[in-house]
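Visitor: Please take a close look at one part of this structure for me. I am new to it and would like to hear about the salt bridges.

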Amino acid sequence: MVPAMIAPLGLDIALLKFCGRTDSADPVAQAVVRQLRLTAALLNIGVMLAVVAAALGSAFVSSFGHPGLDTIMLVTILTLPFAGDLSILGALYKARGEPARYAIFYYIGQSVLRVLMIGPVLLFWPSTLAVAFVNTAQIIMTQCLCFIDERRRHGRRPTSGGTADRVVVRAEYWRVSREAIWMCASIVVYGTMRLADILVLGFYADTASIGEYAALSTVAQLIVFWSVAGSQTLGPRIANFYHQGDLDSLKRELSRYIRHASIVSSFMFAGLAVFGDRLDLIFGKAFHFDPVVCFMLPLAFLLSATLAPMGYALSMTGHHRQENAILGSGALVLVVALLILVPRYGQIGAASSVVVAFGLVNVVRFVYTARLHGFIPGRAADLMPPFVGLALAFVAREIGNVFGGHDFPTTIGSSALFILLYAAVYRSELPLRRFKKT
């Protein structure tokens, strides 16, 4: 996962900006993208071969104490060039306003391929190595499908070959490459922030606490689904508006996103905060979910879902260094807070650290964006959905408790009531047509 996160070399973000301010059909732009993809592929192939050589020539993986781990690593690392190019192709799809087409290949296609392969493979070869082969095959096959689709629909349009074209291509190549380095660093830092709490908790806490916290963290990621879906083409649009000097459109775009994200994400946040301690009905009686953690960890995801795309307002407008500095400061605060709070307070300490760090990063992003561009995205009313959601979820839970308790039928009924109440309040504001298009 870590090499796959670095494999695009930041080009999956940098190309959103580049393609957002250029014509994707421009032969010069296509030449720049082609050279960048080739560079990333060669570097990833080099890393892959280096790992293969190291694994074959030494016993460095034996320290993990898992027999056959060297073979599993070799099978897994074969995906590196394909995973990197797949992420870069994703940036091209999004920049062209085609995130749904990419989702068909990346999310639906990979899932279908995995389902078709995993059953027969485990039936005749039930092993961890077999799963590794399935993982590798699904990534390689998905990249090939996207590659074929890209070539078939957009083809290869060479530049005129003139000196002027070559100079422009070379200049743009190096400019995008320099930006990509900073954006790659941001991705690594942000990815580290998403893992640090579980890693530190794993060092100090028992296995049961780690399992409970990890399960809740996985469910809490549903809170950011609007952030993922709604921001698929946000980066290129921001780059385009800023390049044209259209700050009014830039403000409208960010404000619209914040409003919609606040409404949708607050629904998921409130549901988890109020009903999260009943997740043992799904995961099993061995799990015990602390209500405090069920509130704080989703709160961190809510802050990220609502304000994280403010990072685009920095990275897509030439302020990627500042974005990197903000993320780096947040990561430092997170690690320090985890090391101080987790040994004493366990899961609550981990969740508190995440809230502080994610809150700091996103609030600083928001304030810096407002000062930088001269406007404040969103409205004061966008602060209300979390409180409305909590109130409605609490009312629904208490009504359900009149008829039952901590059991599955009561929880289902209370959750359904909460859905109806929240939909009644915000249905007129939900961007249903826009969401379907996205």
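Guide: In this predicted model, Asp 85 and Arg 37 are joined through their side chains by a salt bridge, with 2.9 Å from N to O. Asp 85 belongs to helix H5 (residues 80-95) and Arg 37 to helix H3 (residues 27-57), so this pair links distant parts of the chain, 48 residues apart. Asp 85 has a relative accessible area of 10%, so it counts as buried. Arg 37 is buried too, at 15%.

The search of the whole structure finds nine salt bridges. Another one of them pairs Arg 101 with Asp 149, whose closest N and O atoms are 2.8 Å apart. Because Arg 101 sits in helix H6 (residues 99-124) and Asp 149 in helix H7 (residues 128-154), the pair ties together parts that are 48 residues apart in sequence. Arg 101 is partly exposed, with a relative accessible area of 29%, whereas Asp 149 is buried at 4%. These two residues also belong to a network of salt bridges that includes Arg 152.

A further salt bridge joins the side chains of Arg 259 and Asp 382, at 3.2 Å from N to O. Arg 259 is in helix H12 (residues 247-275), while Asp 382 is in the loop between helix H17 (347-373) and helix H18 (384-403), so the pair ties together parts 123 residues apart in sequence. Arg 259 counts as buried, with 12% relative accessibility, and Asp 382 is buried with a relative accessible area of 7%.

Terms used: Residues numbered from 1 in each chain as written. Predicted model: local features only at pLDDT ≥ 70, side-chain atom pairs only at ≥ 80, totals over all residues. Heavy atoms only, no water. Salt bridge = Lys/Arg side-chain N within 4 Å of Asp/Glu carboxyl O. Helix = DSSP H or I, 4+ residues; strand = E, 2+ residues; numbered from the N terminus. Buried < 20%, exposed > 50% of the residue type's maximum accessible area, 1.4 Å probe, protein only.
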